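Hi,

Here is the structure I promised to pass on to you. My notes on what turned up in it follow below.

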Amino acid sequence: LRFRESADSAAFMIIEEKKKKVVYDAVSGNRLFVSEFDQLEPIAPSLFVVTRAGKKGLVRSDGKVALPVEYDAILSTGDGFSLLKDKKFGWYDPRNGLLMKPVYDRNVMPYRPGLWLAFKDKGYAFVRPDGKPVGLFEWEEVSYWNDSVAWVRKGTAWKLLELASQKTKLDNVRQYT
């Protein structure tokens, strides 16, 4: 019998039965699901990271698989999950069920709702939830300005880039505060 606590003060009991593990809600005593896994970690309300043979996946509290057990790492960022598989990064949004497959060279970061920042082939680009880039992977650095405009740098010059049209609003800025 093992107890696991999640960040939101929920607690779970894990009982081994034969080769499977049974997960119970520690407060109500309700049986949540049965599965084969090496480790289980509550990571969000009603969501668990399961580990099997060194690989990780996500399982909902009803036992349904949210992400298959095939990732090297899964980290919660508060508004989604950063994924690592075969040295490539992706993103998973459990609220909308959106999966951005791990194809990027660095950690994918949310810029604003519905738009992420990803690095591939020596540059950053803005990426939609389906993983398709908005523009080219050309920016050396990106800094948040607001939900429709971003500071982007290529070489030594910064510019204000309108995200929807990918048009420059202000160019050749050497520094800003």
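Ser82 sits in strand E10, residues 81-85 (strands are DSSP runs of E with at least two residues, numbered from the N terminus). This is a predicted model, where local features need pLDDT of at least 70 and side-chain atom pairs count only at pLDDT 80 or more, while totals for chains, interfaces and linings use all residues. Residues are numbered from 1 along each chain as its sequence is written, and side-chain values use heavy atoms, with hydrogens and water left out.

Ser82 is buried, at a relative accessible area of 6% (buried means under 20%, with a 1.4 Å probe and protein chains only). Its side chain makes a polar contact of 2.3 Å with that of Asn107 (a pair of N or O atoms within 3.5 Å, one able to donate a hydrogen and the other to accept it; residues adjacent in sequence count only if both atoms are side-chain atoms). Beyond its neighbours within four places in sequence, Ser82 is in contact with residues including Phe89, Trp91 and Asn107 (heavy atoms within 4.5 Å).

**Cores**

The largest nonpolar core has 13 residues, and Phe126 and Val142 have the most contacts inside it (a core is a set of buried Ala, Val, Leu, Ile, Met, Phe, Trp, Tyr and Cys residues joined through side-chain atoms within 4.5 Å). Strand E14 gives the most to this core, three residues. Another core lies apart from it, with ten residues, among them Leu47, Leu58, Phe81 and Tyr92.

Enjoy exploring!

Definitions and conventions: Helix = DSSP H or I, 4+ residues; strand = E, 2+ residues; numbered from the N terminus. Buried < 20%, exposed > 50% of the residue type's maximum accessible area, 1.4 Å probe, protein only.
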